[in-house]
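Visitor: I am new to this. Please show me how to read a structure, feature by feature.

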Amino acid sequence: MKRIATLFFVTLFIIACSKDNDDVVNVELEGQWELTDVTCFCFFGENPNFEAHKIRFEGSRLEVTNTGEYEFLTDAAGTYSVDGNLITFSNSAQYRYAINDNLLTLTFVDDPLISDDEIVLEYIRD
């Protein structure tokens, strides 16, 4: 009986001391991402520079930095949730995401009743 009690307390101690990641929504999204390309029904001119736009997934929060000429996800900062490959930002906007190596692709889930609201944002892990 002592052996079982000892094993129980050792197991409980290990579990209690393990790092708590309850606030992490999705581990593969964690970190900072820099915008590299945008596909939409918009015009940016020749060789646009998007690198001043960055996003950071940290725990259950999203930080958005827009310091350049172009701004994206302007009201999406705050908490976010993930369901499969669907991200819902604090502003209720939804994007499908895919990660391939260090490339994150966010595809806006557009409203079929609104024309030309499609946008695809491509980020590289910073």
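**A disulfide, some rings and the fold**

Guide: Start with a link between cysteines: a disulfide joins C40 to C42, with S to S at 1.5 Å. Keep in mind that this is a predicted model.

Visitor: How many disulfides does the count come to?

Guide: The count is one disulfide.

Visitor: How do I read a pair of aromatic rings?

Guide: Use the distance of the centres and the angle of the planes. The whole structure holds eight aromatic pairs. In one of them, the ring centres of F44 and Y70 are 4.9 Å apart and the planes stand at 80°, so this pair is edge-to-face. The pair links distant parts of the chain, 26 residues apart: F44 is in the loop between β1 (31-40) and β2 (53-58), Y70 in the loop between β3 (61-66) and β4 (78-83).

Visitor: What about F50 and Y70?

Guide: Their centres are 5.4 Å apart and their planes at 55°, so the pair is tilted. F50 sits in the loop between β1 and β2, 20 residues from Y70. Both F50 and Y70 are buried. Ring pairs link F44, F50, Y70 and F72 into a cluster.

Visitor: Which helices and strands does the protein chain have?

Guide: The protein chain has one helix and eight strands. Along the sequence the pattern is α-β-β-β-β-β-β-β-β. Of its 126 residues, 26% count as buried.

How values were computed: Residues numbered from 1 in each chain as written. Predicted model: local features only at pLDDT ≥ 70, side-chain atom pairs only at ≥ 80, totals over all residues. Heavy atoms only, no water. Helix = DSSP H or I, 4+ residues; strand = E, 2+ residues; numbered from the N terminus. Buried < 20%, exposed > 50% of the residue type's maximum accessible area, 1.4 Å probe, protein only. Disulfide = S-S within 2.5 Å. Phe/Tyr/Trp six-rings, centres within 6.5 Å; stacked < 30°, edge-to-face > 60°.
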